[in-house]
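User: Could you take a close look at one helix for me, and tell me what packs around it? I would like the cut-offs spelled out as you go.

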Amino acid sequence: MRLHLSAKFRQVLGNAKDQASIGRAIIQNYTEKAFFDIEVAVVRATSHDDCPVDDKTMHEILFLVSNTPGAVPFLAEQISRRLAKTRDYLVAGKTLLLIHRLLRSSSRCIEQQLHIAHTSGHLQIGCCWFMMTQDHPSFAFLQNYVAYLEERVGWIINQAGKLEPVMSGGTKCSRYKEKSMDLVFHILPKCQEFIGKVLKCSPVDVWSMDNLVQAATGSILKESFKVYKTYSDGIAALNNMLFDLSKPARDLACGMLRKASQQTEDLRVMYEKCRGFTGMKSLDYPSVQAITVDHIVALEQCSSYNNTRAGSVLKRSGCERGFSVSTNLRDSVTCNDKFASTSLFLLPVETKISMVWVGFENEESDKPTESI
């Protein structure tokens, strides 16, 4: 009975705080009425009651932001202020859900402007300090959810509907080899960072799955499905080019494979766990391909064997006679000896072919060939 009255009292107090926030918005005297409407809509979407973010309110916010110049920075500041001031679990969680729904709103313009607002400091996702001092499992989820959203705001939904990281520079690759290198050494590490944040949001048990945690976990899972497709493509490209890389790059690639081996196993366990929760059984879970440690060890041993073989070939080929051969597969082979040993060609050799046409004089081509 005492707990019931305490919950009722918190709900009444929370509703009073929401009305006070709306009253403060009225006396702000904004130059644009849309700014007042946005502030009120944010308060309604993140109210103290135990209800999910209302779709009607969400659509209202999207409409106001899309049709009001300069509305996205203002919206970001209102969300950040709401997070910084609240001491309530429901308000903090619903505010984080509001940010996530804005990022998934299918409006590339709003998504990009939120990324800019986060970079410029208008949108501060991790400013809710009271969550960091709580030991309850639900607050632990919110802390991990904050870390996930900090990573998620650095990704955008492309025209194909896939998530891709926002890369600095924006350079485009023109050749297939360059695209593969960009996928492996730029995009794959970002995918591993993203999947790492997803794994930390894995629900502990069914008892910690309240409405707020379930709604957030469902959105996280759907986005992880999209990123895993790029993740698996990057692993496949890494396996294909492993022996074409230089020794330092190959060591880095093996480290990425070891991390991927652990992450894919953890991701498979997380997906199997989430399949048992109500409301998540019907999601389109991908088939997670396992990367065994034995496979990685075999690749490392084969790579080490190739380096040892290259060194023995160089030793037998007479490097003391002036040969300069690099074990880096991208480097060329230079030779100062007139007669090179054929064993050198066990290594890849770069050959440059001249494109200049050379004409030869006709040296008595009309004379009959003398028989020998």
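Analyst: Happy to. In helix 3, the buried residues are Thr57, Met58, Ile61, Leu62, Leu64 and Val65; buried stands for a relative accessible area under 20%, exposed for over 50%, and partly exposed for what lies in between, with a 1.4 Å probe and protein chains only. These residues lie on the same side of helix 3, because the arc they cover around the axis is only 165°, an arc being taken over the directions from the helix axis to the C-beta atoms. In general, an α-helix has 3.6 residues a turn, so residues three or four places apart point the same way. On the other side of helix 3, the exposed residues are Lys56, His59 and Phe63.

A word on the ground rules: this is a predicted model, in which local features need pLDDT of at least 70 and side-chain atom pairs count only at pLDDT 80 or more, while totals for chains, interfaces and linings use all residues. Residues are numbered from 1 along each chain as its sequence is written, and side-chain values use heavy atoms, with hydrogens and water left out.

Helix 3 runs over residues 55-66, and its 12 residues reach 16 Å from the first C-alpha to the last, close to the 16 Å expected at 1.5 Å a residue. That expected span is 1.5 Å times one less than the number of residues. Helices here are DSSP runs of H or I with at least four residues, strands are runs of E with at least two, and both are numbered from the N terminus.

So what lies over the buried side? The cover includes helix 2 (33-45), helix 4 (71-85), helix 5 (89-103) and helix 6 (108-120). Two residues let you see this packing up close.

Begin with alanine 71, which belongs to helix 4. Alanine 71 is buried, at a relative accessible area of 1%. Setting aside residues up to four places away in sequence, alanine 71 touches Leu64 and Val65, along with Phe35 and Ile38; a contact here means heavy atoms within 4.5 Å. Alanine 71 and isoleucine 38 are 33 residues apart in sequence, yet their C-alpha atoms are 8.3 Å apart in space.

The second residue is serine 105, in the loop between helix 5 and helix 6. Serine 105 also counts as buried, with 15% relative accessibility. Apart from neighbours within four places in sequence, serine 105 is in contact with Leu62 and Ile110. A polar atom of the serine 105 side chain lies 2.8 Å from the backbone oxygen of leucine 102. For polar contacts, the cut-off is a pair of N or O atoms within 3.5 Å; within protein, one must be able to donate a hydrogen and the other to accept it, and residues adjacent in sequence count only if both atoms are side-chain atoms.

For context, the chain has 11 helices and 4 strands. Of its 372 residues, 41% count as buried. Among contacts between residues at least 6 apart in sequence, 72% join residues at least 24 apart.
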